[in-house]
Amino acid sequence: MSAIMSNFKDLILPPQLESAVAAMGYQTPTPIQAQAIPVALTNRDIIGCAQTGTGKTAAFCIPMIARLLKTPRRNSLILVPTRELAVQIEEVLVKLTKSCKEMETVLIIGGVAMSPQVKVLWKKPRIVVATPGRLLDHLRRGNISLSTTEVLVLDEADRMLDMGFAPQLNEILRFLPKSRQTMLFSATLPPDILKLAAKYLKDPVRVTVGPVSEPIELIKQSVVKTTGATKNNTLVDELNARKGSVLIFARTKKRTDRVAKFLSECGYKASRIHGDRSQKQRGDAIDGFRDGKFRILVATDIAARGIDIAHIAHVINYDLPMVPEDYIHRIGRTARAGAEGQALSLLTPEDSMQWRDISKLLAKKEAAKARTTI
Ligand code: AMP
């Protein structure tokens, strides 16, 4: 197995793909990307256990495009359960293939007219992102051939089965060549998914990133009310009352700089990461935090994605995240590997709407968990 990559530059990607990845602002691979991309680049089949929000789209799109660039007359097919997901994936593909010649992507989804899709299919697009029902319609009418499909992705496979797509999948798979690379991604791996994988994948490598909500029981979550004007003082009080390493999240790059500067001036050993810092500065900050040279790391959400540090004792939301899902990502940075952790959010009166949305999401996750454990 190749070593886990810590930077996209460690991969020898075709230059037009490497520059597209950089233009998207991706520097550090997320854990699922670090695990899946090097394996997929060796043409192995993959069964990936990861949810949306983990960076799984790029985890399969990057190696898929790299392969298509090497085999000009071959194609790939991405099958997904919903139109929304298809659209999201297409957006990522458009960005990644920006500088790749003749690498058009088409969306084959239901709910829109067939005829414009027929027209684009005649041009033999290199990448098809499809929902099973509509793709099957086209296959049955002879509008598309899948005989040159070299890479197949089954994304959110568990949802496809939940939505009753198993018969369509089986029928579609009969149109594909046996010799191909198949990557299956799913948020969970129940027996029916493993059965599907056994049927359609060859000696797959399993890559897993735990569901982001998994460690929640081990995390002591709390909030403290403050105001914009007193937030820094509240932060200092909380830092003094706690022991161990602290990851602090701020909303913007500027605020990240400001909080880190303030803490350094107060005598704390604090470092910072965000998208405007060079790869070297980010690397030094993370290494220093990991080694204990800095007790505190201040970060934006994007910069913190993909960093994996085992010993974080506290996560402090200096600012609440804009997207409720990010709250779960953030607090999941503590309580790693079965350890206990603490997550604190500093709430100002202006945060009440955002906090309500986060609380709703947490309640929904709890309810879903209760349903699956009954
Ligand atoms: P996904 O799980 O594929 O839906 O991705 C979740 C979000 O993470 C999307 O907004 C992506 O643009 C973003 N993302 C994916 N990979 C990276 C990366 N390596 N660095 C920063 N952001 C990323």
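1. Terms first. A residue counts as exposed when its relative accessible area is over 50%, as buried when it is under 20%, and as partly exposed in between. The model discussed here is predicted.

2. Helix H5, residues 115-122. Its buried residues are Gln117, Val118 and Leu121. These residues sit on the same side of H5, because they cover an arc of only 105° around the axis. Lys119 and Trp122 are exposed on the other side of H5. Strand S3 (105-108) and helix H6 (132-140) are among the elements that cover the buried residues of H5.

3. After H5. What follows the helix? H5 is followed by Lys124, which has a positive phi near 50°. Lys124 belongs to the loop between H5 and strand S4 (127-130). Its relative accessibility is 61%, so Lys124 counts as exposed. Most residues other than glycine have a negative phi. Lys124 is a residue other than glycine, yet its phi is positive.

4. Helix H9, residues 191-200. Ile193, Leu196, Ala197 and Tyr200 are its buried residues. Viewed down the axis of H9, they fall within an arc of 100°, so they line one face of the helix. The face turned away from that buried side carries the exposed residues Pro191, Lys195, Ala198 and Lys199.

5. Asp203 lies in the loop between H9 and strand S7 (205-208). Asp203 is not a glycine, but its phi is positive, about 45°. With a relative accessible area of 58%, Asp203 is exposed.

6. Gln181 in strand S6. Is this residue buried or exposed? Gln181 is found in S6, and its relative accessible area is 0%, so Gln181 is buried. Leaving out residues up to four places away in sequence, Gln181 touches Ala40, Asn43, Arg44, Asp45, Arg67, Glu150, Val151 and Leu152.

7. The ligand. How many residues surround the ligand? There are 13, and the closest are Tyr26, Gln33, Gly53, Gly55 and Thr57. A polar side-chain atom of Thr57 is 2.6 Å from a ligand oxygen. A backbone N or O atom of Gly55 lies 2.7 Å from an oxygen atom of the ligand. For a polar backbone atom of Thr54, the distance to a ligand oxygen is 3.0 Å. On its own, the ligand has 490 Å² of accessible area, and the protein covers 78% of that.

8. Gly244. This residue is in the loop between helix H10 (231-240) and strand S9 (246-249). Its relative accessible area is 38%, so Gly244 is partly exposed. Neighbours within four places in sequence aside, Gly244 is in contact with Arg295, Ala313 and His314. Ile108 is 136 residues from Gly244 in sequence, and their C-alpha atoms are 51 Å apart in space.

9. Arg282. Helix H12, residues 279-291, contains Arg282. The relative accessibility of Arg282 is 8%, under the 20% limit, so Arg282 counts as buried. Leu346 is 64 residues away along the chain, and the C-alpha atoms of Arg282 and Leu346 are separated by 25 Å.

10. Gly332. Which loop holds it? Gly332 is in the loop between helix H14 (324-331) and strand S13 (341-347). At 9% relative accessibility, Gly332 is buried. Gly332 and Val315 are 17 residues apart along the chain, with 8.7 Å between their C-alpha atoms.

Definitions and conventions. Residues numbered from 1 in each chain as written. Predicted model: local features only at pLDDT ≥ 70, side-chain atom pairs only at ≥ 80, totals over all residues. Heavy atoms only, no water. Buried < 20%, exposed > 50% of the residue type's maximum accessible area, 1.4 Å probe, protein only. Helix = DSSP H or I, 4+ residues; strand = E, 2+ residues; numbered from the N terminus. Arc of directions from axis to C-beta. Contact = heavy atoms within 4.5 Å. Near = heavy atom within 4 Å. Polar contact = N/O pair within 3.5 Å; in protein donor to acceptor, adjacent residues only side chain to side chain. Areas by Shrake-Rupley, 256 points an atom, 1.4 Å probe, with all protein chains shown as cover.
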